[in-house]
Amino acid sequence: MIDFRVKYAEYADAFEAALKEYCDKMNFQPSVLTDSMRYSLLLGGKRIRPVLFLSALDAFGAEWKQEMGFAIALEMIHTYSLIHDDLPAMDNDDFRRGKPSNHKVFGEANAILAGDALLNTAFSLMFEAAAKGVEYLYAARCLCDAAGAGGMIAGQSADILYTASEEVSKDELEFIYEHKTGNLIAAPVTMAAILTGEYYFEMKQFGHDLGFLFQLTDDILDETGTFGEVGKTLGKDKASGKLTCVKVYGLQASELQADLYAEKCHRILEAVNKNVDFFHALIDFVRNRKK
């Protein structure tokens, strides 16, 4: 058995080093643009999306340390979405990862531009990677689709649309889960499968179900966590009438749903004839996380 925390730290530390090196070289003008981009990128966090990508490459025998471009692009897209999500027009949150949100430090206009810049820089990184071969082009397309109007942005739009809605629908909740969170959790492992030619359908389904599990636990933590653990304002989803699993199922049934999705993730991995011990441990980590 692997030591999950040690292995997770190996991937995360390698990614952090690559990200810091990249950020050190950024020099967009005016300097406030670079500063605001760096601020949110380097706030920390679990780095689960790049870790998923790098660990899947490792499981399939690829040289994972050579693919940091895609890993950084993944984190840039995730970070841009968080910057915009925290804005007053969206979730209106003053904190992210225990620190002031980007717009509280740099102002709303600069925060919007920082998010825009991160998204466009991510695309530049993907174009650069796509020059390596057709499999890189398809992996880039996978990430673009996951982040775009048919993916994460659709989920964000639906999240806004159904906020404070009188009707609570399982179908609407699942649409938000799949698009807002699930697609960008599934993308890293699907991209790794594309690059290596290994277990595409299994990893795509695994990522989808892991995304559902991640969002289930996120909604549960909004009800049960503390600011010190989670690093952002809690109880806002309930106060603003967000469509969450707790609103649809109740807290106890939501915990059961999370257990079911964790079990689904474990079962999918049984069909993958590779060393996937890290992923089994990751499922348990996501299910039991406190932040």
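**View 1. Phe70 and the residues it touches.** Leaving out residues up to four places away in sequence, Phe70 touches Phe53, Met126, Ala129, Tyr136, Ala139, Ala140, Met191 and Leu195. A contact here means heavy atoms within 4.5 Å. What you're looking at is a predicted model, in which local features need pLDDT of at least 70 and side-chain atom pairs count only at pLDDT 80 or more, while totals for chains, interfaces and linings use all residues. Residues are numbered from 1 along each chain as its sequence is written, and side-chain values use heavy atoms, with hydrogens and water left out.

**View 2. The largest nonpolar core, with 86 residues.** Phe70 turns up again here: along with Phe53, Phe206, Leu210 and Phe279, it has the most contacts inside this core. Helix α9 gives the most to this core, with 12 residues. To be in a nonpolar core, buried Ala, Val, Leu, Ile, Met, Phe, Trp, Tyr and Cys residues have to be joined through side-chain atoms within 4.5 Å. Buried means under 20% relative accessible area, exposed means over 50%, and partly exposed is in between (1.4 Å probe, protein chains only). In soluble globular proteins, nonpolar side chains tend to be buried together.

**View 3. Leu54 in helix α3.** Helix α3 covers residues 48–59. Helices (H or I, at least four residues) and strands (E, at least two) are DSSP runs, numbered from the N terminus. Is Leu54 buried or exposed? With a relative accessible area of 0%, Leu54 is buried. Set aside its neighbours within four places in sequence, and Leu54 is in contact with Tyr11, Phe15, Trp64, Met68 and Ala71. One of those partners, Tyr11, is 43 residues away along the chain, yet the two C-alpha atoms are separated by 6.7 Å.

**View 4. His103 and its contacts.** His103 sits in helix α5, residues 102–106. At 8% relative accessibility, His103 counts as buried. Its contacts, apart from neighbours within four places in sequence, are Asp86, Leu87, Pro88, Asp93, Asp94, Glu108 and Ala111. For scale, look across to Pro188: that residue is 85 residues from His103 in sequence and 28 Å away in space, C-alpha to C-alpha.

View 5. Most residues other than glycine have a negative phi, and most peptide bonds are trans. Pro30 is in the loop between α1 (4–25) and α2 (31–41). Asn92 is partly exposed at 40% relative accessible area, and Arg97 is partly exposed at 23%.

**View 6. The largest cavity, with about 60 Å³ of space.** A search of the whole structure finds two cavities of 30 Å³ or more. A cavity is a set of points, on a 1 Å grid over the protein atoms alone, where a 1.4 Å probe fits but cannot get out, and lining residues have an atom within 4 Å of a point. Grid points are joined across faces, edges and corners, and the volume is the space filled by probe spheres set on the points. Arg97 shows up again in this lining, with Ser40, Leu43, Thr79, Leu82, Ile83, Asp86, Arg96, Pro100, Ser101 and Asn102. Helix α4 gives the most to the lining, with three residues. By type, the lining has four nonpolar, four polar and three charged residues. Ala, Val, Leu, Ile, Met, Phe, Trp, Tyr, Cys and Pro count as nonpolar, Asp, Glu, Lys and Arg as charged, and the others, Gly among them, as polar.

**View 7. The second largest cavity, with about 50 Å³ of space.** Which residues line the second largest cavity? They are Leu173, Glu174, Tyr177, Phe212, Leu216, Tyr249, Gln257 and Tyr261. The lining residues divide into six nonpolar, one polar and one charged.

**View 8. Cysteines in a structure with zero disulfides.** A disulfide is a pair of cysteine sulfur atoms within 2.5 Å. The closest cysteine sulfur to that of Cys144 is in Cys142, 9.2 Å away, too far for a bond. Cys144 is partly exposed, with a relative accessible area of 21%, whereas Cys23 counts as buried at 1%.

Methods: On a 1 Å grid over the protein atoms alone, a cavity is a set of points where a 1.4 Å probe fits but cannot get out, and a pocket is an open set with protein on both sides within 12 Å along at least five of seven lines; lining residues have an atom within 4 Å of a point.
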